[in-house]
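Me: I would like to learn how to read a structure feature by feature. Please take one topic at a time.

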2 protein chains.
Amino acid sequence: MSLSMYQSSIPIFIHMLGNLRNILQKGATHATNKNFDASILVNSRLAPDMFALARQVQIATDMVKGCAARLASIEPPKYDDTETTIDELIARIDKTISFLKEFSPAQIDNTEAKEITLALRTRTLNFDGKTYLQHFVIPNMYFHITTTYNILRHNGVELGKQDFIGG
Amino acid sequence: MSLSMYQSSIPIFIHMLGNLRNILQKGATHATNKNFDASILVNSRLAPDMFALARQVQIATDMVKGCAARLASIEPPKYDDTETTIDELIARIDKTISFLKEFSPAQIDNTEAKEITLALRTRTLNFDGKTYLQHFVIPNMYFHITTTYNILRHNGVELGKQDFIGG
């Protein structure tokens, strides 16, 4: 018995993006109930030199679509990063979930040792597939989803840990 | 080839607790440089009804020590939750890292299907070992470490994503 690369990635990504979607939806509902423009939440941040909520969601989705694509040796789809509303961010999440659902276990499994090269702005990262998934993609995904949650909580949206963990 | 339960838990926990330790250390240094009592950071929170930093660190450590113990069928050690300073929180992290280092792969591997029962205050959760690790412990660990990071960032501590991801 063992954990497969597929089971350790795609279903977890889909689950967490579903939770992120619900969290954002609660933010939008809160804004409606309090009569303020939900784009204020989209532009909120926890520190002046941290990314605003929109960028948190963009990076979370980029992390997981990039992971699925790279492990399966296909080109990661490019998204435009132009979202300015919660509805647009939710549409981006839905697009990412649909993309993730296209992958079969056979495309992702047995990629533990696959060479992954990630060209960042200032440097290039080299991983094996397992390290890329467990030490880069997963911590980054949780970081940006948690930070989205924290930005909303900090702005008064009623969320609980269960919204983050999911059903 | 596959991912083992040990490799998917203990080394990742130790790595992330090391990062959490460094993040807290930077918080303490920031307080010293700015001439304020670091316990202000320990008591900071992002919303009035969220846990303060101390509790975030306590839960993060509880999650991973509980996971190692339960997968290995030993009694999780009880910690007193009395920390009020960054030094005490760092000591708790160090104690947890030492505890985690005692586990051998043989104690943790092949626990994917092990029955795990978690008695919470209001309900009992039942998992298999794999689901407990991947859908409960890991998201909770990242949630509480990210929230610690966010509390410090929100209070002006100079941290970057690299402090969260680690070397």
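Me: How many residues does helix H4 (residues 86-101) of chain A have, and how far does the helix reach from its first C-alpha to its last?

Reply: First, the ground rules. This is a predicted model, in which local features need pLDDT of at least 70 and side-chain atom pairs count only at pLDDT 80 or more, while totals for chains, interfaces and linings use all residues. Residues are numbered from 1 along each chain as its sequence is written, chains are lettered from A and ligands numbered from 1 in the order in which they are written, and side-chain values use heavy atoms, with hydrogens and water left out.
Helices (H or I, at least four residues) and strands (E, at least two) are DSSP runs, numbered from the N terminus. The expected span of a helix is 1.5 Å times one less than its number of residues. Helix H4 of chain A has 16 residues and reaches 22 Å, close to the 22 Å expected.

Me: Which residues of H4(A) are buried, and what covers them?

Reply: Buried means under 20% relative accessible area, exposed over 50%, and partly exposed in between, with a 1.4 Å probe and protein chains only. An α-helix has 3.6 residues a turn, so residues three or four places apart point the same way. In H4(A) the buried residues are A:Ile86, A:Leu89, A:Ile90, A:Arg92, A:Ile93, A:Thr96, A:Ile97, A:Phe99 and A:Leu100. Their cover includes H1, helix H2 (39-42) and helix H3 (53-71) of chain A.

Me: What does A:Asn19 touch?

Reply: Contact means heavy atoms within 4.5 Å. A:Asn19 belongs to helix H1 (residues 10-33) of chain A and, at 6% relative accessibility, is buried. Not counting residues up to four places away in sequence, A:Asn19 touches A:Asp163, A:Phe164, A:Ile165 and A:Gly166.

Me: How many residues of H3(B) are buried?

Reply: The count is 16 of 19, so H3(B) is largely enclosed by the rest of the structure. The length agrees with expectation too: the 19 residues of helix H3 (residues 53-71) of chain B should span 27 Å, and the end C-alpha atoms are 28 Å apart.
B:Met63 is in this helix and is buried, with a relative accessible area of 16%. Not counting residues up to four places away in sequence, B:Met63 touches B:Tyr132, B:Phe136, B:Val137 and B:Asn140. B:Met63 and B:Leu133 are 70 residues apart in sequence but 9.7 Å apart in space, C-alpha to C-alpha.

Me: Where does a positive phi occur?

Reply: Most residues other than glycine have a negative phi. Just after H3(B), B:Ser73 takes a positive phi of about 60°. A:Asn110 has a positive phi near 65°; A:Asn110 sits in the loop between helix H5 (105-108) and strand E1 (115-119) of chain A and is exposed at 59% relative accessibility. B:Asn110 also has phi near 65°, and is exposed with a relative accessible area of 58%.

Me: What rotation superposes chain B on chain A?

Reply: Two copies of a chain are related by a rotation about an axis and a shift along it. Copies are superposed by least squares on the C-alpha atoms of residues with pLDDT of at least 70 in both. Here the rotation is 180° with 0.0 Å of shift along its axis, at an RMSD of 0.0 Å. That is the relation of a two-fold axis. In chain B, the C-alpha nearest the axis is that of B:Leu3, 2.5 Å from it.

Me: Which contacts does B:Asn150 make?

Reply: B:Asn150 is in helix H6 of chain B and is buried, with a relative accessible area of 0%. Leaving aside neighbours within four places in sequence, B:Asn150 is in contact with A:Leu46, A:Met50, A:Phe143, A:Thr147, A:Asn150 and B:Leu46.
B:Ser2, in the segment before helix H1 (10-33) of chain B, is partly exposed at 36% relative accessible area. With the neighbours within four places left aside, B:Ser2 is in contact with A:Ser2, A:Leu3 and A:Glu112.
As for the interface as a whole, 100% of the interface residues of chain B are also interface residues in chain A, so the copies meet through the same surface.
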